[in-house]
Amino acid sequence: MTSNTLPSGATSSADTPSRGSARLNPLAQLTLTRFREFVREPEAVFWTFVFPLLLASGLGLAFRSRPVEVVKVGVLSSAPGAEAVRAALASDSTIQIVMLEDSAAGNALRIGTVALIIASNDAQSAEYRFDVARSEARTARLIVDGALQRARGRQDPVTVNESIVSERGSRYIDFVLPGLLSMNLMGSGMWGIGFSIVDARRKKLLKRFVATPMQRHHYLASFLLLRLGLMVVEVSVITLFGVFAFGVPMRGSLIAFAVACLLGALVFGSLGLLVASRVRTIEAASGFMNLLMLPMWVASGVFFSAGNFPDAIQPVIQALPLTAVVDSVRGIMLQGLGWTALAPEFAIVVTWLVLSFGFALRFFRWR
Amino acid sequence: MSGQLALEVRALRKTFGPVTAVDGLDLDVRRGECFGLLGPNGAGKTTTIEICEGLLEADSGDVLVLGQRWDRDQRALRERLGIQLQETQFSEKVTVLETITLFRSFYRNGPAPDDVIRLVQLDEKKSARVGTLSGGQKQRLSVACALAGDPELLFLDEPTTGLDPQSRRQLWDLVEHLRAAGRTVVLTTHYMDEAERLCDRVAIVDYGRAIALDTPRGLIRSLGAGHVVEVELANGAEASDGIFSATPGVLSTRMHGRTWTLQVSAAHEAVPAVLRTLEAGGFAMTELRTHTPTLEDVFVSLTGRHLREQ
């Protein structure tokens, strides 16, 4: 390559200030660049969109509503009256009888293939063997005992009318889907923003941008815009999947739901920004992110109720941003909570948002 | 300070903790020239250029860029400058055209991205992702981004460091072309051949000061030597102290390892005298070289060190 082979047309247009091209909107260009960086990173797309669906499917299958649970009980075949017991219990569809030899019986009880063993039963007495600490064993005892007593002629003094209710919204999938949704808002908000900014700083790209007339708030806004755009897709995908594949209810107003998700995306985006505001390496950023996120994964009630933790630390747990987001999203979907009921959670989220965004802007290092 | 200058630097100082990076440096860059800051690594070139680019703040001193100051005219200045930093890594997933279009969008005026791409000869890589480019192509992309705002003044910080010889020549062609088109270019380098070839004027920087400033030819002429003779001794290098001090035609001497570097007025007169001196002293040599003086020789004579030494 020599200089005289340079095309003259390019020369004149690039070197003459009077000619030039129309200016494109810098915020749109920055956001477009963010978008390209995201969709051209297959891993990011997977973690954002596919992973939560896989997780929800897995949990949904594992904890799907089953038909009324059948209790397995063992009967010692050597015991007196074994046949009579079997006959007496055969009519109850919630009990499954297994005839066991003495040697096999102890083992079956220990490993839990049967909940209870009927060791003997005659006209005057009966012997049940079971572990009182196991709830299904206690259930089995009640069912078995009731059936045997009635078979021996017990008359119940009260007539009971049962009306069986199966409520949507009380299954595990109903509980966990809003949790997964909130956790996803946290993960993609913090990683999506934090990682990209630290990466740009590490590559001296931040410094390079600062060397142009680029408006700094355009740069930060481009992350926020992409995050909100992706949030809409993420939330829609996960929610529609939950509603249509598992029948998870959406009892509250869609506007309240949208506001909760928006606040969630913003608060975790701001926390990501805060983590990224000074850190120079991806490793340090990962460490800080995990330090922030791990307690919330565990304590904020994504997979099980935050109420399981001791009362002493409840104030801390309730003040965590993920707890507030999980509680509001779950409350809207399952209980149809309105604005008044959501106000405390929203207040917590807004406080975190203002604090983390304020500190992030104050500490942000552009080089 | 006159408006004819693209860049004026007076008594610039910058320290990083105990390290003084820039120690009272003065510069004048004229409009339309290609100006080089030549010096070894760690001489303070990058610190100086980053202060001029408004990316670092000086501890003291005065910097006037295109007649404007960073503390007052930051926004306006950013529109008028093109900056290439030493270690920028552009987003790998984004294409060449997309990258330049992004940078173009930051500036009020500027050429069409396609024209810049043609100028830096990346036409064939226009739709390629940045991650697939070679080192030289990435460096030309970096220059292209610096050109996106049609700058009046272009800063290039070590533009060819780490490039293979062919990529270096391509970048030189590009810089020569920009200079020929009338742009003001300020570049830093630790390659003396680069400074000699590209720059109208060169400031030699060492320990944070500009220790010489002239055209490459003027700097070389200031040595007063017509040639440089290098003699590598086979034996007795330790005992050779001062042997050439009385040799006719030898202007100055310097020894490094087993090699004497002699600045001489004219090679055809000095070489026979040098050979006689060696013979008289009983020294044998393994190699004798002569070359016309370069900026490297200027640097050595000013500092007693080579550019590439640390």
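Reader: What counts as a helix or a strand here?

Author: The model is predicted. Helices and strands are runs assigned by DSSP and numbered from the N terminus. A strand needs at least two residues, and a helix needs at least four residues.

Reader: How many helices and strands does the secondary structure of chain A come to?

Author: Both kinds of element occur in chain A. With runs counted as just described, the secondary structure of chain A comes to 14 helices and 4 strands.

Reader: Why is chain A described as more spread out than a compact globule?

Author: The C-alpha trace of chain A spans about 110 × 55 × 35 Å along its principal axes. For 367 residues the globule rule gives 21 Å. Chain A is well over that value, so it is more spread out than a compact globule, with a radius of gyration of 31 Å.

Reader: What percentage of the 367 residues in chain A is buried?

Author: A residue is buried if 20 or more other C-beta atoms lie within 10 Å of its own. In chain A, the share of buried residues is 37%.

Reader: In the contact of H2(A) with H9(A), how many residues are nonpolar, polar and charged?

Author: H2(A) passes H9(A) in a right-handed crossing. The residues making the contact include A:Leu30, A:Arg34 and A:Phe38 of H2(A), and A:Tyr219, A:Phe223 and A:Leu226 of H9(A). By class, the contact of H2(A) with H9(A) has 10 nonpolar, 3 polar and 1 charged residues.

Reader: Which element gives the most to the side of chain A that touches chain B?

Author: In all, 36 residues of chain A are in contact with 39 residues of chain B. Helix H1 (8-15), H2 and helix H8 (205-210) of chain A each give two or more residues to that side. By class, the side of chain A that touches chain B has 14 nonpolar, 10 polar and 12 charged residues. The element that gives the most, with 6 residues, is H2(A).

Reader: How many residues of helix H1 of chain B are buried?

Author: Helix H1 of chain B runs over residues 45-52 and is mostly covered. Among its buried residues are B:Lys45, B:Ile49, B:Glu50 and B:Cys52. Just after H1(B), B:Gly54 takes a positive phi of about 75°. The count of buried residues in H1(B) is 8 of 8.

Reader: Is B:Gly135 exposed or partly exposed?

Author: B:Gly135 lies in helix H5 (residues 135-147) of chain B. Leaving aside neighbours within four places in sequence, B:Gly135 is in contact with B:Gly162, B:Leu163 and B:Ser167. B:Gly135 has 13 C-beta neighbours inside 10 Å, so it counts as partly exposed.

Reader: Is B:Glu279 buried or exposed?

Author: The place of B:Glu279 is in helix H9 (residues 267-281) of chain B. The C-alpha atoms of B:Glu279 and B:Arg104 are separated by 67 Å. Because B:Glu279 has 10 other C-beta atoms within 10 Å, B:Glu279 is exposed.

Technical notes: Residues are numbered from 1 along each chain as its sequence is written. Chains are lettered from A and ligands numbered from 1 in the order in which they are written. This is a predicted model: local features need pLDDT of at least 70, side-chain atom pairs count only at pLDDT 80 or more; totals for chains, interfaces and linings use all residues. A crossing is left-handed if the near helix is turned anticlockwise from the far one by less than a right angle, and right-handed if clockwise. Two residues are in contact if their C-beta atoms, placed from the backbone, lie within 7 Å. Ala, Val, Leu, Ile, Met, Phe, Trp, Tyr, Cys and Pro count as nonpolar, Asp, Glu, Lys and Arg as charged, and the others, Gly among them, as polar. The radius of gyration is taken over C-alpha atoms; the globule rule is 2.2 Å times the number of residues to the power 0.38. A residue is buried if 20 or more other C-beta atoms lie within 10 Å of its own, exposed if 12 or fewer, and partly exposed in between; C-beta atoms are placed from the backbone.
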